[in-house]
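Student: I have just opened this structure for the first time. Could you show me how to read it, feature by feature?

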Amino acid sequence: MASIDAAQARTIRRTRIDWTPYWTGAGIGILSWVVFAVADDPLGITTALSAIAGFAAMPFIGAEAVWRNSYWAQDVPSLSYGSLFLVGVMLGALAASLSARQFRIEAVPATWRRRFGGSVTRRFIAAFLGGAVEMYGARLAGGCASGHGISGTLQLALSSWVFTILFFATAILVGSYLFGEGRVRP
Amino acid sequence: MTLPVTGMALLPLGVLFGFVFGWLLQRARLTDTEVIIGQLRLADYTLLKMMVTAIVVGGVGVFFLHSGGLAAYHIKPANVLAVAVGGVLFGVGMAIYGYCPGTGLAATATGSLHALVGVIGMLAGAIAFAFSFDWIKTAILPVAALGTVRLPELTGIPDLAWFAGLVVVAALSLHALERRRRD
């Protein structure tokens, strides 16, 4: 009977809802309460990462040049809460992937391979350049998808909403151009 | 114990809070670049669902903590030119890299070698930024600098109305998008 079919279809549709993004999102929201109240330092990645970049630059340009630099002078490279947070992010993701048996060595992801071929060199060059451009943009704006995209937007900061809307729109445009329908078999 | 925690006592908490964040990013499948690319191709809305939920749950809680004097706001300045150009560069980089900085770092720990290469690229980008900072500071940051502005003060629309509006807009558009995809 048609009415039963419709009811069954509704049930199937309901059971198809994947709640994972919602409960993980709620978890990150609750984590935000804790870090605001306890650490007084919102969730973020790139501010600490740029301090670490100061250390990474030392062998090439010397410690003197790093300490003299006007940017690192305001964000001193140090063993800080922020850099330990990054260590924690890696440990947490490692533990989660191991416990879910999802730890997997990946050099060229499948969608990239279908569009640009299996060359590891090509994928690595793109990842390096993409990461560099992304980081430059994040530092110019003063935050990334975490610092602006979650911590800033949840404080209803104008800067964070401008950044987040623009980065999302740009990433969708460029991503659809690179990997969109017709270019990649679904 | 007084809040916020400061000094050496804060350091182990950095590892702990980071651990929870990294764990949740992996569980949300955002350490899988296919999920990020799927969002950019508008085929998989995991990233947007996670972010909107985090913004609403986090925002309402932090609003009440702030009202009760238990949390301070950390508003990044609206240097509109820098933020806009930065957002566009970030979007271009993210589409090519296939990760944002947090998910790239987390994905590195789940075995993604190209994510690791991108993290090294990010360090290079940060070094490039540090060396162009003097010019950025005088030429870019002061353009259309509106200060540490919040939307409620700018518009007169109260905080909780923003979150309610965000829930309604997100729920309606996600519902419409998912239905279109299933039919």
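Tutor: Let us begin with the word "helix": helices are DSSP runs of H or I with at least four residues, numbered from the N terminus. In that sense, Phe85(A) lies in helix H6 of chain A. One caution before going further: this is a predicted model.

Student: Is Phe85(A) buried or exposed?

Tutor: The general idea is to count neighbours: a residue is buried if 20 or more other C-beta atoms lie within 10 Å of its own. Phe85(A) has 26 other C-beta atoms within 10 Å, so it is buried.

Student: Which residues is Phe85(A) in contact with?

Tutor: Here we set aside the neighbours within four places in sequence. What remains for Phe85(A) is Ala48(A) from chain A, and Gly14(B), Phe17(B) and Gly18(B) from chain B.

Student: What about Leu86(A)? Where is it found?

Tutor: Leu86(A) is in helix H6 of chain A, which covers residues 81-99. Use the count again: with 27 other C-beta atoms within 10 Å, Leu86(A) is buried. Leaving out residues up to four places away in sequence, Leu86(A) touches Ile45(A), Ala48(A) and Leu49(A), along with Gly18(B) and Leu105(B) of chain B. Leu86(A) and Ile45(A) are 41 residues apart along the chain, and their C-alpha atoms are separated by 6.9 Å.

Student: Let me step back to whole chains. How many helices and strands are there in chain A?

Tutor: Chain A has 10 helices and zero strands. Its 186 residues include 50% that are buried. For the reach of its contacts, take those with a separation of 6 or more: 58% of them are between residues 24 or more positions apart.

Student: And what does the secondary structure of chain B come to?

Tutor: Chain B has eight helices and zero strands. Of its 183 residues, 49% count as buried. Among its contacts between residues at least 6 apart in sequence, 55% join residues at least 24 apart. For overall dimensions, the C-alpha trace of chain B spans about 45 × 45 × 40 Å along its principal axes.

Student: Since the model is predicted, how do I read the confidence in chain A?

Tutor: Look at pLDDT, the predictor's confidence in each residue. Chain A averages 90, and 90% of the residues score at least 70. Among the elements of chain A, helix H1 (residues 2-15) has the lowest mean, 63, while H8(A) has the highest, 98.

Student: How many residues does each chain give to the contact between A and B?

Tutor: Chain A gives 112 residues and chain B gives 108. On the chain B side, H6(B) gives the most, with 19 residues. Sorted by class, that side of chain B has 72 nonpolar, 27 polar and nine charged residues.

Student: How do H8(A) and H6(B) pack?

Tutor: For two helices, read the angle, the distance between axes and the handedness. H8(A), residues 120-141, packs with H6(B) at an angle of about 40 degrees, and the axes are 6 Å apart. The two helices are therefore oblique to each other, and their crossing is right-handed. The contact of H8(A) with H6(B) has 18 nonpolar, six polar and three charged residues.

Student: At what angle do H8(A) and H4(B) pack?

Tutor: H8(A) and H4(B) pack at about 160 degrees, with axes 7 Å apart. That angle makes H8(A) roughly antiparallel to H4(B). H8(A) passes H4(B) in a left-handed crossing. By class, the contact of H8(A) with H4(B) has 17 nonpolar, six polar and one charged residues. Among the residues that meet there are Gly130(A) and Val133(A) in H8(A), and Gly86(B) and Phe90(B) in H4(B).

Key
Residues numbered from 1 in each chain as written. Chains lettered and ligands numbered in written order. Predicted model: local features only at pLDDT ≥ 70, side-chain atom pairs only at ≥ 80, totals over all residues. Contact = placed C-beta atoms within 7 Å. Nonpolar A, V, L, I, M, F, W, Y, C, P; charged D, E, K, R; others polar. Axes fitted to C-alpha atoms, helices over the stretch in contact; angles between N-to-C directions. Parallel < 35°, antiparallel > 145°, perpendicular 65-115°, else oblique. Left-handed = near helix turned anticlockwise from the far one by under 90°. pLDDT = per-residue confidence, 0-100. Buried ≥ 20, exposed ≤ 12 C-beta atoms within 10 Å, placed from the backbone.
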